[in-house]
Amino acid sequence: MYVYSLIYWVDHAPLMGVQSKVLDVVVVTWFWVLWSLCNDQIFGIMKPKKSDIFITLFLEIFWFVIGGKKMQD
């Protein structure tokens with residue numbers, strides 16, 4: 001899947017309100033995690049494992065959601 005088609009799909013997904021925002025957060029976080037792990041692969045001393053992608057993605061989304069909830073309270 002091309003990046004453009006993924007972004008197009010996210011922009012036109014039949015979701016409303018919070019669901020749309022959550023999907024945006026997941027996709028943007030996924031791009032950031034991939035970019036970060038690619039940098040680690042190229043420039044890092046220790047090469048990341050494939051499982052690091054999913055663990056990092058989960059943790060980043062978790063902390064983003066927790067941080068957002070704290071700001072709303």
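## Helix packing

Helix axes here are lines fitted to C-alpha atoms over the stretch in contact, and angles run from 0 to 180 degrees between N-to-C directions. The model is predicted. In it, helix α1 (residues 3–11) packs with helix α2 (residues 18–43). The angle between them is about 160°, and their axes lie 10 Å apart.

Angles over 145 degrees count as roughly antiparallel, so α1 is roughly antiparallel to α2. Their crossing is left-handed.

## A nonpolar surface patch

Five residues form a nonpolar patch on the surface: Ile-55, Phe-58, Leu-59, Phe-62 and Trp-63. Together they have about 540 Å² of accessible area.

Leu-59 belongs to helix α3, which spans residues 50–72. The relative accessibility of Leu-59 is 38%. Partly exposed is the class between under 20% (buried) and over 50% (exposed), so Leu-59 counts as partly exposed.

## Thr-56 in α3

Thr-56 also sits in helix α3. Its relative accessible area is 25%, so Thr-56 is partly exposed. Tyr-2 is 54 residues from Thr-56 along the chain. The C-alpha atoms of Thr-56 and Tyr-2 are separated by 22 Å.

## Ser-20 in α2

Ser-20 is found in helix α2. Ser-20 has a relative accessible area of 25%, and therefore is partly exposed. Between Ser-20 and Lys-50, the sequence separation is 30 residues. In space, Ser-20 and Lys-50 are 28 Å apart, C-alpha to C-alpha.

Note on methods
Residues are numbered from 1 along each chain as its sequence is written. This is a predicted model: local features need pLDDT of at least 70, side-chain atom pairs count only at pLDDT 80 or more; totals for chains, interfaces and linings use all residues. Side-chain values use heavy atoms; hydrogens and water are left out. Patches are made of residues with over 30% relative accessible area and no salt bridge: like charges are joined within 9 Å, nonpolar side chains (Val, Leu, Ile, Met, Phe, Trp, Tyr) within 5 Å. Accessible areas come from the Shrake-Rupley method with a 1.4 Å probe; for residues, only the protein chains shown count as cover. A salt bridge is a side-chain nitrogen of Lys or Arg within 4 Å of a carboxyl oxygen of Asp or Glu. Helices (H or I, at least four residues) and strands (E, at least two) are DSSP runs, numbered from the N terminus. Buried means under 20% relative accessible area, exposed over 50%, partly exposed in between (1.4 Å probe, protein chains only). Angles under 35 degrees count as roughly parallel, over 145 as roughly antiparallel, 65 to 115 as roughly perpendicular and the rest as oblique. A crossing is left-handed if the near helix is turned anticlockwise from the far one by less than a right angle, and right-handed if clockwise.
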